[in-house]
Amino acid sequence: MRNVTISTGETFPVYPLKAKQVRDLRKKPSEDAFEDVFNTLELAGFDAAKVEELYFPDVLALSKAVTQETFGVEEEEKN
């Protein structure tokens with residue numbers, strides 16, 4: 001689990017997807033990469049209506065964090 005703080009100062013806990021959720025994502029690939037970002041966040045438990053109201057760089061930061069948690073990428077250390 002990692003926390004992501006977005007531009008509004010709000011912090012979200014981010015957890016990895018379960019194996020079933022990864023399989024579900026692979027079963028319904030989208031032609032649009034941006035749609036995949038929203039699908040990933042929805043599967044990760046983020047409220048779709050709330051995500052729609054976020055600035056897009058924040059949406060990308062959350063999606064990136066979910067992907068990194070799911071595939072075991074270490075968090076970057078901040079100096």
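Two strands are said to pair if DSSP finds at least two bridges between them. Strands (E, at least two residues) and helices (H or I, at least four) are DSSP runs, numbered from the N terminus.

Good morning. The structure shown here is a predicted model, in which local features need pLDDT of at least 70, side-chain atom pairs count only at pLDDT 80 or more, and totals for chains, interfaces and linings use all residues. Residues are numbered from 1 along each chain as its sequence is written, and side-chain values use heavy atoms, with hydrogens and water left out.

I begin with the strands. Strand E1 (residues 2–5) and strand E2 (residues 11–14) pair in the antiparallel sense over four bridges. Together E1 and E2 form a hairpin with five residues between them, and Gly9 in the turn has a positive phi of about 95 degrees. Across the pairing, Arg2 stands opposite Val14, and Asn3 stands opposite Pro13.

Glu69 is found in H4, and Glu69 is buried because its relative accessible area is 16%. Which residues does Glu69 contact? With contact defined as heavy atoms within 4.5 Å, and leaving aside neighbours within four places in sequence, Glu69 is in contact with Met1, Arg2, Val14, Tyr15 and Pro16. The side chain of Glu69 also reaches the backbone nitrogen of Met1 at 2.9 Å. Not counting residues up to four places away in sequence, Gln68 touches Arg2 and Val73.

At the N-terminal end, Asp32 caps H2, with a side-chain oxygen 3.0 Å from the backbone nitrogen of Phe34. Within H2, Val37, Asn39, Thr40 and Leu41 are buried. The buried residues of H2 pack against H1, helix H3 (48–52) and H4. Just after H2, Gly45 takes a positive phi of about 100 degrees.

Finally, the second largest pocket. A pocket is an open set of points on a 1 Å grid over the protein atoms alone, with protein on both sides within 12 Å along at least five of seven lines; lining residues have an atom within 4 Å of a point. About 170 Å³ of space lies in this pocket, a volume being the space filled by probe spheres set on the points. The lining includes Leu17, Arg26, Asp36, Thr40 and Phe71.

Note on methods: On a 1 Å grid over the protein atoms alone, a cavity is a set of points where a 1.4 Å probe fits but cannot get out, and a pocket is an open set with protein on both sides within 12 Å along at least five of seven lines; lining residues have an atom within 4 Å of a point. Buried means under 20% relative accessible area, exposed over 50%, partly exposed in between (1.4 Å probe, protein chains only). A polar contact is a pair of N or O atoms within 3.5 Å; within protein, one must be able to donate a hydrogen and the other to accept it, and residues adjacent in sequence count only if both atoms are side-chain atoms.
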